[in-house]
Amino acid sequence: MADPTERTTIDPVQTASPGDIAGATGPDYAAELTRDADETDGINQTVATDAAEVHLRVGPNLSGERRAEIVKILEDGGMQDIRVENISFPIAVSRVGYYHEGDLDTATELADKISVFLDAPTGPVPVRNYENLVPNAPEGRIDLWIKE
C-alpha cells in the first residue's frame with residue numbers, strides 16, 4: 001500500500017481532453033475552509049515561492065469567495081504575478097504544473113504549502129511536468145489547478 005503522504009510527480013504529461021478531466025471521479029477535496037484566523041495567518045506566511053507567474057486555474061463551480069481566499073493566500077505569501085484563469089469545465093484534481101525543469105522546486109514548494117490550505121485528505125497536491133504541452137512557456141510559469 002502506498003504512503004498517502006508521499007509526493008506524486010507525473011512526468012511527462014499526456015494530453016487529456018476537457019471531457020476526460022470532467023469525467024474523472026474521486027473523493028471530494030474541496031471542503032470549505034474551517035481554519036481559524038491564527039492558523040490561516042501561519043499558512044499565508046509560508047506559501048512564498050520564486051515563481052514569476054502563477055496561473056490560478058479554477059472551474060465554473062468554484063465559488064468567488066473560495067477563489068478570493070486562494071488569491072489572498074498566494075498574495076500574502078509574496079506571489080505578485082497571479083493570473084486567474086476561468087476554465088469552462090470542472091477540475092477533478094487539484095495539482096501544480098510546471099513547464100521547465102528549473103521550476104520543479106518552486107512547483108513542489110507551492111504544492112506542499114497549498115496542500116495545507118486545501119486540506120487535501122490524500123496527501124500533498126501532485127506536481128506535474130507540462131513541458132511537452134506548452135514548449136514555449138516562459139520560465140517561472142507555474143499552473144495551480146484547484147479542484148472544486
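## Basis of the model

The structure is a predicted model, in which local features need pLDDT of at least 70 and side-chain atom pairs count only at pLDDT 80 or more, while totals for chains, interfaces and linings use all residues. Residues are numbered from 1 along each chain as its sequence is written, and side-chain values use heavy atoms, with hydrogens and water left out.

## Overall fold

The chain contains 4 helices and 6 strands; these are DSSP runs numbered from the N terminus, with helices (H or I) of at least four residues and strands (E) of at least two. Starting at the N terminus, the order of elements is β-α-α-β-α-β-β-α-β-β.

Of the 148 residues, 43% count as buried (buried means under 20% relative accessible area, exposed over 50%, and partly exposed in between, with a 1.4 Å probe and protein chains only). Among contacts (heavy atoms within 4.5 Å) with a separation of 6 or more, 87% join residues 24 or more positions apart.

## Confidence

The mean pLDDT (the predictor's confidence in each residue, from 0 to 100) of the chain is 73, and 63% of the residues reach 70 or more. Over residues 1–5 the pLDDT stays under 50, and the model has 4 contacts beyond four places in sequence for them. Residues 7–48 also have pLDDT below 50, with 69 contacts in the model beyond near neighbours in sequence. Where pLDDT is low, the predicted coordinates should not be read in detail.

## Packing of H3 and H4

Helix H3 (residues 64–76) packs with helix H4 (residues 104–118) at an angle of about 140 degrees, and their axes are 12 Å apart. Axes are lines fitted to C-alpha atoms, for helices over the stretch in contact, and angles run from 0 to 180 degrees between N-to-C directions. H3 and H4 are therefore oblique to each other (under 35 degrees is roughly parallel, over 145 roughly antiparallel, 65 to 115 roughly perpendicular, and the rest oblique).

On the H3 side, the contact is made by Arg 66, Glu 69, Ile 70, Ile 73 and Leu 74; on the H4 side, by Leu 110, Ile 114, Phe 117 and Leu 118.

## The loop residue Pro 138

Pro 138 lies in the loop between strand S5 (127–129) and strand S6 (141–146). With 39% relative accessibility, Pro 138 counts as partly exposed. Leaving aside residues up to four places away in sequence, Pro 138 touches Glu 53 and His 100. Pro 138 and Tyr 99 are 39 residues apart in sequence, with a C-alpha to C-alpha distance of 7.9 Å.
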